[in-house]
Amino acid sequence: MFPTRLLRSSTVNASEIAHFSRLSAEWWNERGEFSFLHKMNPVRMQFIREKLIETAYDEQPEEAVDAKKVRILEGLDVLDVGCGGGLLSESLARLGAWTTGIDASESNVAIAQHHASLDSRVNSNLTYKHAPAESLLSQSKRYDVVCSMEVLEHVDNPVMFLKTCAELLKPSGHLFLSTISRTPLSYFLTIFMAEKVFREVADGTHTYSKYIKPSELLEFFQSYRSQLPSSVNGDGAQGQSRPWITRLYNGEPTRKEAEVRGMIYNPLSASWILAPRGAWGAAECNYLFWVRKPILDDIL
Amino acid sequence: MLLHANGSRLLFKVVRNPSTNGHRRLLSTVHEDYDVVIVGGGPAGLALASALGSKNEFQNTLKIALVEAGDLSVVRDWSPPADTFSNRVVSLTNASQAFLKGTGSWDHIELHRTSPVEEMQVWDGISDARISFSSSEMVSSTTDHLGMARLIETLNLQRGLLRHLNSSPAVQIIDKNKVQSITVDEAPGSWPLVHLNTGQALKTRLLVGADGPNSPVRSFAKIPSYGWSYDTQAIVCTLDHPPKGPFLGPNTTAYQRFLPTGPVAFLPISTTASSLVWSTKPALATALKACEPSVLARMINAAFRLPDVSMQYLHERILEAHEAGKHITDEEISAEILWREQSHLIDSTSAYSSIIPDASPNSRIPPSDAEMVPPLVKSIQPGTVASFPLRYNHTETYVGEGQGSRTVLVGDAAHTIHPLAGQGLNLGLGDVECLSRCISEAVLRGGDIGSYTALLPYTQERYLQNHTIMSACDKLHKIYTTSFGPLVQLRSVGLEVLNELDSIKVAIMMSAGSVSRTDRPLSYNSDARAAMFNIAAQGVENINTVAHVAKVLRGGFEGLAVNVIQNLAKAATHYQQSRKDAS
């Protein structure tokens, strides 16, 4: 049989396309193994959107902020670390961001690229790279927003990973993370129920000891200081900024520095809910984390 | 930034034509990319287009097309004389009106061609058990008076929506174009391609089927549909009648009588005109339609007035004459009706009399039962008599999957319903309101509006709501048209019928709330407390509604049991009596 479909790119051979579209079908099968991620995506995007609008209100006159604007990320450089099949990257690109998705798995990147090529709305401002985050440090490019969703619980050296993400940000840039806390509840829900009982998630996807508590992230950023770029200090001495989180109040960071928000799965409507700020027990399992790099003035 | 997002793309297809065996033909298909393609220019399709087009934030984000086979300029240029009305009149609940007001299309509707419904009179054809309810019973959160519903010609609504769409550059209307076929690439995630008979092809992220009961979009998406046809045809026409007298209220009361052949409804549209929806057996509908308009007018007056025995007799006369190929003359039918009225002892001054009083209505005091029946129909507006079959249909889901993914159904494409509670279009507008809300939410979160994830809340919210109202109406129809002995007996007792009539009230009041649902959040939109509260409240609401409907129906069956026991008791007493007499 002759392929009746147009081959979009002459450099890719047809059997590879077939292979990737089959894999892609799994990443992008909304009822399959990744259905939880698909349902989680609107909540992550809601958090990113609300947080950016909130900071815009803090920094700009009220009338200058258009909270209903669709392309809220227009003109921003956004990096998605551990993009997987590109679930989050495509959404970021649709909101106008110059999006770069990177993943350590070559096949994930190919899947993400293939899927983005199907959608003319995203493929002009969305690029994917097969690269570990560390490799981007050697380049001079820095980002307004760095996202890394459901990745932290899979990396071997979380401290290194967090430092890398932090360093890839421009001053006053936003870091968004989502991960799972290390609590009996999270073990019960994400490993025992999801992997062993319901087998919704492949067995061995998660390792309990790699889970990170929100308090541990807060603690890390309470001591973490950005390195001053050497060009800022005339004498070439390496200065340091203030810590990213200056103080905690009742265990919570201040609103302008960082935020922890729980994500709760509602099995009745099969959807995720973004828990309100400070909701008791909401961040015991899946949670979102936002922290902001100090602006340049604070560094100096 | 998105340079070619809106640009068209030239695609050359190499197709191997099997008939020419090896000879290749080079076909070229020009197709344009859209975000939403709505198939169907009926009220639901137009309402969705205008709801999406009215959002400023979508002006440069969504590219929307509406495809309609017919010529929409007929609707756009529709300008009938002030006193003639189209035969298709629908009742819009306050929720539907609130939605249309929210999108801004309500401003484009000619309000003086519509009529509020302030009161409804519903009664049983056999027992005359009656229930009336008025807008004053409704709980309204606002202080302004809204009425129970508003009757409006479908064309007036469609034209208003089209006028509103003139101000929405984001929506492209492609009329006089039939959808020839819908295809999709085999690769997962591909977008459907809608081929029009003019050769144009539209590739779309989301395909909306607003294309009516025989939806081609539904067959493309292979969404199964479940239902049955009622052995019933609905006759519609526009009725002329004198204005109500000086001691009576305005013509804002809707009347519905449940005859064993089906309900007949009188829907006011102006002071001197009203619309008729008469559901009846197909053979009878054909015979009635074939009658002289004056004969039909007399039959309509009789259908709201004469006892069922006489109606059955008149129906037989009409059927016999039709089968014999003759037509009953106006004199014959009026003589029949007069004779029947006399034998039923209907006073000629009563509102139940078909005699139009000679004196002008202003000069006499109306009879005490004047509000019990609709005004006497004088004539039928020419060319307005039509009929259509009634069906119950509900698809298994509203969102397509697999090869049919990126497809969603709204309105009659997803569900058709018996018109006895006037809810069909309101369910459709409810769908449209919810779907447009879903699309907005997804767009603001950078979601793919054609994805299952983005469309899931739509099915979740609408399916049960639609199903509740649909099955209530279905059950009502069945209770009233059944020939099942105990139910007929039960119905004739009368008191129990009030319970059943009460569930019509439930069906109408359920969606008659005046609060717009447009601002209600989807479950993942708000914070958890609010969402949880909503879920809980909705659950309670649904349980309540279901319980109410169930209670009403069960009430009927309890009544049945009571009735049987009463009859037994009567029989026992009778037996004892006869034994006493014998001894």
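A:Asp103 sits in strand E2 of chain A. With 26 C-beta neighbours inside 10 Å, A:Asp103 counts as buried. UniProt, in an unreviewed entry, lists A:Asp103 under "binding site", along with A:Arg44, A:Gly82 and A:Met149. The model is predicted. This briefing starts from the annotated positions and then moves out to the sheet, the helices and the confidence scores.

**Annotated positions: A:Asp103 and A:Gly82**

- Leaving aside neighbours within four places in sequence, A:Asp103 is in contact with A:Gly82, A:Cys83, A:Gly84, A:Asn108, A:Val109 and A:His130.
- A:Gly82 lies in the loop between E1 and H3 of chain A.
- A:Gly82 has 22 C-beta neighbours inside 10 Å, so it counts as buried. The cut-off for that class is 20 or more.
- Not counting residues up to four places away in sequence, A:Gly82 touches A:Asp103, A:Ser148 and A:Val151.

- A:Glu153 is in the loop between E4 and H5 of chain A. A:His154 is in the loop between E4 and H5 as well.
- Is A:Glu153 buried or exposed? A:Glu153 is buried, with 21 other C-beta atoms within 10 Å.
- A:His154 has 15 C-beta neighbours inside 10 Å, so it counts as partly exposed. That class lies between the exposed limit of 12 or fewer and the buried limit of 20 or more.
- Beyond neighbours within four places in sequence, A:Glu153 contacts A:Thr179, A:Ile180, A:His206, A:Lys210, A:Tyr211 and A:Ile212.

**The eight-stranded sheet of chain A**

- Eight strands form an open sheet with mixed pairing, in the order E3-E2-E1-E4-E5-E12-E10-E11.
- E3 and E11 (271-274) stand at the edges with a single partner strand each, so one side of each has no neighbour in the sheet.
- On average, neighbouring strands of this sheet are turned by 20 degrees against each other, direction ignored.
- H2(A) packs on the sheet and touches E4, E5, E10, E11 and E12 of chain A. The direction of H2(A) makes about 20 degrees with that of E11(A).

**Pairing around strand E5**

- Strand E5 (residues 169-180) of chain A has nine of its twelve residues buried, so it is largely enclosed by the rest of the structure.
- E4(A) and E5(A) pair in the parallel sense over six bridges. Here A:Cys147 stands opposite A:Phe176 in E5(A).
- E4(A), helix H5 (residues 158-167) and E5(A) build a right-handed β-α-β unit.
- E5(A) pairs with strand E12 (residues 286-292) in the antiparallel sense over seven bridges. In E12(A), A:Trp290 is the bridge partner of A:Phe176.
- Strand E10 (residues 258-266) and E12(A) also pair in the antiparallel sense, over six bridges. A:Arg261 stands opposite A:Leu288 in E12(A).

**Helix H3 of chain A**

- Why is helix H3 largely enclosed? Eight of the eight residues of H3 (residues 87-94) are buried, so the rest of the structure largely encloses this helix.
- Just after H3(A), A:Gly96 takes a positive phi of about 100 degrees.

**Chain B**

- Chain B holds 14 helices and 20 strands.
- Of the 583 residues in chain B, 44% are buried.
- Among contacts in chain B with a separation of 6 or more, 76% join residues 24 or more positions apart.

**Confidence in chain A**

- Chain A averages a pLDDT of 85, and 86% of the residues score at least 70.
- Among the elements of chain A, E1(A) has the highest mean pLDDT (97) and helix H8 (residues 296-299) the lowest (58).
- Over residues 1-12 of chain A the pLDDT is below 50. Beyond near neighbours in sequence, this stretch has 13 contacts in the model.

Note on methods: Residues are numbered from 1 along each chain as its sequence is written. Chains are lettered from A and ligands numbered from 1 in the order in which they are written. This is a predicted model: local features need pLDDT of at least 70, side-chain atom pairs count only at pLDDT 80 or more; totals for chains, interfaces and linings use all residues. Helices (H or I, at least four residues) and strands (E, at least two) are DSSP runs, numbered from the N terminus. Two strands pair if DSSP finds at least two bridges between them. A crossover is right-handed if, with the strands pointing away from the viewer, the path from the first strand over the helix to the second runs clockwise. Two residues are in contact if their C-beta atoms, placed from the backbone, lie within 7 Å. Axes are lines fitted to C-alpha atoms, for helices over the stretch in contact, and angles run from 0 to 180 degrees between N-to-C directions. pLDDT is the predictor's confidence in each residue, from 0 to 100. UniProt positions are given in the numbering used here, feature names are shortened, and annotations may be inferred rather than shown by experiment.
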